[in-house]
Amino acid sequence: MQGETMVKTKGELKVSFGYQCNSNRGSFCEDSDEYETLPELRRNSSFSCLSGAAIGANATLANTNICNGLIGVEILPSWDSPNSFRRVPSSPAMSRLDILSSSLQSSMSNLSCSPSTPDSDSYLMKSTSPSRNEGFLNGMEVQVAGGAAGEDRVQAVCSEENEWLFCAIYDGFNGRDAADFLAGTLYETIIFHFNSLDWESSQESIKASNGLDIDGSLPYIGDGRNTISEERFSSRIYTQKDSSVDHISENAPRAKAKTSTDSFRHRVLDSLQRALSQAENDFLYMVDQEMVDRPDLVSVGSCVLVVLLHGKDLYTLNLGDSRAVLATCGDDYLMSGSERLKAIQLTDSHTVDDESERMRVLCEHPDDPMTVVAGKVKGKLKVTRAFGVGYLKKKNLNDALMGILQVRNLISPPYVSTQPSLNVHRISTSDCFVVLGSDGLFDFFTNDEAVKLVHSYILSNPSGDPAKFLLEQLVVRAANSAGFSMEELMNIPAGRRRKYHDDVTVMVIILGTNQRTTKATTCV
């Protein structure tokens, strides 16, 4: 086993935050100097462990200046917990977000999310928002952790009270401002849009449909460009047509419950998309206001990976090339008793290397022969969908750049899409864990390799930290590829080390109700 190569010297990978669950509910104990303990998750939760780790390679400013510095000074400190997960009142940043609306001197309500949401007000204008006690993802108390590694941002929010988990990886590029903006606002934007859902009434239909054969994945059906290919999943994919009452001929009460459940899940996915669109509009508005002083902001962007676990529903949203990979046991696993798991990618990879994405971009710009140059969109960006990166979306933002930084012949913007891939996977008893990672992880490991490493580690270290282990294996592989020892590689300053590996963020969610150690760590 590769665990023998793990780093033993404390300090080579610095812990930034962490927690572990205690087997005795509601009681606190001290287990180690590195990790603070919290009460165990409820036994009927769909996950038993969260493990996270990140390492930076890019040199970047310690704090963002977006929104005149208010994100970095006022909002992010309420999210970030450098030493451990910590308990906070629900929505720790909500009161802080009022600062933004007053600083902009403009009503964000005019920034419509999309043609489908003409009446949607900005989450910043919260005076008309529904009560937090009436919406989705509520809780009197939540546990939060977050931090930065290079240009990456990682965030986790957990409610033991309501049994849900929110995880996000924001893989920034050309600077950390976009990732910081997302870390400071996207969760709250999602909360705002979820408040319009009739969450409590949906619970009965979800419980009623639990006995139905609906294990599998339900892709979000929007404009036809953001669904997950059926070949990617071993189980059946349900579409809007599948969930129609017209296509169910027997057991009408249960059929109605299933239809209601699928409809609600689509509404959750729609809310996630609207929240992302609102965040994009707000971010580009702020970039437009501040680009005179900071023209570099027009090129700053971020990939987005959001995972929301509630009950047996695992929702995913992604822009760019970060991934969520499910480790599951197929029928052959159950029949043969083999310990080999199947890796199923729950997200799409939005890069020009993906043939379908490349063709989509080319078809959207038929009059521009220079749409893809040297394997990049307009010769600038490998990802085809991303948050921010305004100079590839709006001509006036591109005009803010000068010289070789400016995109020549921006004929038909936007060239980079903010249309996410959305999916909901129904967790079954065969599903074991989910690996979330920024693209830096998959520069060194395939999906199968990542799943195999995590699985083997968990088997031999049931109370260990699989995300940290996976990250350490990546550093070992990067060092070997460069001809360095691990210590030599880690001693290379940030910025120069980017030559050998990217910023890397990893999270591992252990599914099921087995009680085991829970940790989250960030290495910078």
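Helix axes here are lines fitted to C-alpha atoms, for helices over the stretch in contact, and angles run from 0 to 180 degrees between N-to-C directions. Helices (H or I, at least four residues) and strands (E, at least two) are DSSP runs, numbered from the N terminus. The model is a predicted one, in which local features need pLDDT of at least 70, side-chain atom pairs count only at pLDDT 80 or more, and totals for chains, interfaces and linings use all residues. Residues are numbered from 1 along each chain as its sequence is written, and side-chain values use heavy atoms, with hydrogens and water left out.

First, the overall picture. The protein chain comes to 12 helices and 18 strands. Of its 524 residues, 59% count as buried, where buried means under 20% relative accessible area, exposed over 50%, and partly exposed in between (1.4 Å probe, protein chains only). A contact means heavy atoms within 4.5 Å. Among contacts between residues at least 6 apart in sequence, 74% join residues at least 24 apart.

Now for the helix pairs. Two packed helices are described by the angle between their axes and the distance between the axes. The axes of α1 (residues 70–79) and α3 (residues 177–194) come within 9 Å and cross at roughly 60°. That makes the two helices, α1 and α3, oblique to each other; angles under 35 degrees count as roughly parallel, over 145 as roughly antiparallel, 65 to 115 as roughly perpendicular and the rest as oblique. The crossing of α1 past α3 is left-handed, a label used if the near helix is turned anticlockwise from the far one by less than a right angle, with right-handed used if clockwise. On the α1 side, Ile71, Ile75, Leu76 and Trp79 do the touching, and their partners in α3 include Phe181, Ala183 and Tyr187.

A second pair is α10 and α11, which pack at an angle of about 125° with their axes 10 Å apart. This makes α10 oblique to α11, and α10 passes α11 in a right-handed crossing. Residues of α10 that meet α11 include Glu449, Leu453 and Tyr457, while Phe469, Leu470 and Arg477 are among those on the α11 side.

Helix α10 itself (residues 447–460) has 14 residues and reaches 20 Å from its first C-alpha to its last, close to the 20 Å expected at 1.5 Å a residue; the expected span is 1.5 Å times one less than the number of residues. Its buried residues are Asn447, Ala450, Val451, Leu453, Val454, His455, Tyr457 and Ile458. These pack against β11 (323–328), β12 (342–345), β17 (431–437), α9 (439–442), α11 (466–482) and β18 (504–511).

Thr347, in the loop between β12 and α7 (355–364), is buried, with a relative accessible area of 0%. A polar atom of its side chain lies 3.1 Å from the backbone nitrogen of Ala324. Ser299 sits in the loop between α5 (252–290) and β9 (301–310) and also counts as buried, at 15% relative accessibility. A polar atom of the Ser299 side chain lies 3.0 Å from the backbone oxygen of Asp296. Leaving aside residues up to four places away in sequence, Ser299 touches Phe173, Asn174, Val389 and Tyr391. Thr429, in the loop between β16 (421–426) and β17, is exposed, with a relative accessible area of 84%. The C-alpha atoms of Thr429 and Gly512 are separated by 7.6 Å, although these residues are 83 apart along the chain.

How values were computed:
Polar contact = N/O pair within 3.5 Å; in protein donor to acceptor, adjacent residues only side chain to side chain.
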